[in-house]
Amino acid sequence: MRDTVIIIGSGLMGSGIAACSALAGNKTVLVDINPDQLDRGLAAAKANIGELLANGLADEAGAMKARELISVSSGYEAYSRSASMVIEAVVENLEVKQKLFARLDQVFPPEVPLLSNTSGLRITDIALLTEHPERAVTTHFWFPGHLVPLVEVVVGDRTDTGIASAVRDTLKSWGKAAVLVKRDLPGQLANRILQAVIREAVNIVEIGLADPEDIDTAVKMGMGIRMPVWGPLEHIEAAGLDLCLNVQRTVLPEISSRTTPSPVMETLVEEGNLGYKTGSGFYDWSVKDMDELAKRRNDFIIMARKFMQERGD
């Protein structure tokens, strides 16, 4: 019986995906060649389930069952007959993923979907060495994977659209907001929109229009706070396409259309100012608390999810 979800890679994303899978009632196996990482991944998956339970996004019985449904393994070959799908969540390196997919393609029967959590690589390229590329699909869970509902299901150049649609429907049954991305382009769907926002935010710093703190505040307290229930296309429909067309005629010529990274970003990186991990970038992280910021992010996501859950969204 094919009733087991195999997740290869037990890091931040793998453990989050494992929590989602187990809470959906699936036998779930976390696979990693590093025993210490495997222990950490299992602990993280169970902690993720606990966080959802503590905040009313899972019930006690479901959380208890989910913890029992997760197991770990140093290999995946033993699950060739029981796997319903395989989700790869290893390092974001094309060669590594290609070699892994080629091996997975040999181990698992052609009816088992092979899924990649890649955030930037093309599934077409990842599946290049496989004999059955039709069953290769991107399933990009957004971090934190157990909290953010979105999963981008990307159709590769040689993917069977029926398989991709079935994967999307399965993820919806897990309670995820799975969307189908019909072409295998860089940035998938949401990252293309996010990169456009980032490009203009950096451009605003570059031209001296506002400081980083005010830019982030404007996004968080303006467009961002309404986006969980008010997408950009809903916005222009509500405002009127004629009005938005006139705004675009005025604004688009003035915003960045750069197709290369900003010199400001290039300079920061060249100087070793990489953001939080080096202590400075656009911000001075000796006076800004990342742990508190991450907690506020998670708290807000939980609050938004509870609101949507209460409304039946």
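A residue counts as buried under 20% relative accessible area, as exposed over 50%, and as partly exposed in between. Keep that scale in mind for the whole tour. One more point before you click: this is a predicted model.

**Stop 1**

Select L189. Its relative accessibility is 35%, so L189 counts as partly exposed. It sits in the loop between β8 (177-181) and α7. Which helix gives the most to the nonpolar patch? Color residues 190-206 to find out. That is helix α7, and it supplies 4 residues.

Stay in this loop and pick Q188. Q188 is also found between β8 and α7. Most residues other than glycine have a negative phi. Q188 is not a glycine, yet its phi is positive, about 55°. Is Q188 buried or exposed? Its relative accessible area is 6%, so Q188 is buried.

**Stop 2: helix α12**

Select residues 290-311. This is helix α12, with 22 residues. At 1.5 Å a residue, it should span 32 Å. Its end C-alpha atoms are 32 Å apart, so the model agrees with the expectation.

Next, show the side chains of N298, I301, I302, A304 and M308. These are the buried residues of α12. Why do they sit on the same side of α12? They cover an arc of only 165° around the axis, which puts them on one side. An α-helix has 3.6 residues a turn, so residues three or four places apart point the same way. Look down the axis of the helix to see the arrangement.

What covers this buried side? Part of the answer is α2 (35-54), which is included in the cover over the buried residues of α12. Now turn the view around. The face of α12 turned away from its buried side carries the exposed residues R296, E310 and R311.

**Stop 3: salt bridges**

The model has 13 salt bridges by the rule used here. Start with R103 and E77. Their side chains meet in a salt bridge, at 3.9 Å from N to O. R103 lies in helix α4 (residues 94-107), and E77 lies in the loop between β3 (70-73) and β4 (83-88), so the pair ties together parts that are 26 residues apart in sequence. R103 has 37% relative accessibility, so it counts as partly exposed. E77 is partly exposed too, with a relative accessible area of 38%.

Move along to R135 and D105. This salt bridge is 2.9 Å, N to O. R135 is in the loop between α5 (123-126) and β6 (136-141), while D105 is in helix α4, so this pair ties together parts that are 30 residues apart in sequence. Are these two partners buried or exposed? R135 is buried, with a relative accessible area of 1%. D105 counts as buried as well, at 8%.

Now select E88, E92 and K97. Salt bridges that share partners join these three into one network.

One more pair: D169 and R168. Their side chains form a salt bridge of 3.2 Å, N to O. D169 has 40% relative accessibility, so it counts as partly exposed.

**Stop 4: P261**

How far apart are P261 and D169 in space? The distance is 37 Å, C-alpha to C-alpha, and the two are 92 residues apart in sequence. P261 is in the loop between α10 (241-251) and α11 (263-270). Its relative accessible area is 54%, so P261 is exposed.

**Stop 5: I17**

Select I17, in helix α1 (residues 12-23). I17 has 0% relative accessibility, so it counts as buried. Which residues does I17 touch, leaving out those up to four places away in sequence? Show I7, I87, N117, F141 and W174. The C-alpha atoms of I17 and T118 are separated by 13 Å, although the two are 101 residues apart along the chain.

**Last stop: F143 and P144**

Zoom in on the bond between F143 and P144. Most peptide bonds are trans. The one joining F143 and P144 is cis, with omega about -5°. P144 lies in the loop between β6 and β7 (150-155).

Conventions: Residues are numbered from 1 along each chain as its sequence is written. This is a predicted model: local features need pLDDT of at least 70, side-chain atom pairs count only at pLDDT 80 or more; totals for chains, interfaces and linings use all residues. Side-chain values use heavy atoms; hydrogens and water are left out. Helices (H or I, at least four residues) and strands (E, at least two) are DSSP runs, numbered from the N terminus. Buried means under 20% relative accessible area, exposed over 50%, partly exposed in between (1.4 Å probe, protein chains only). The expected span of a helix is 1.5 Å times one less than its number of residues. The arc is that of the directions from the helix axis to the C-beta atoms. Contact means heavy atoms within 4.5 Å. A salt bridge is a side-chain nitrogen of Lys or Arg within 4 Å of a carboxyl oxygen of Asp or Glu.
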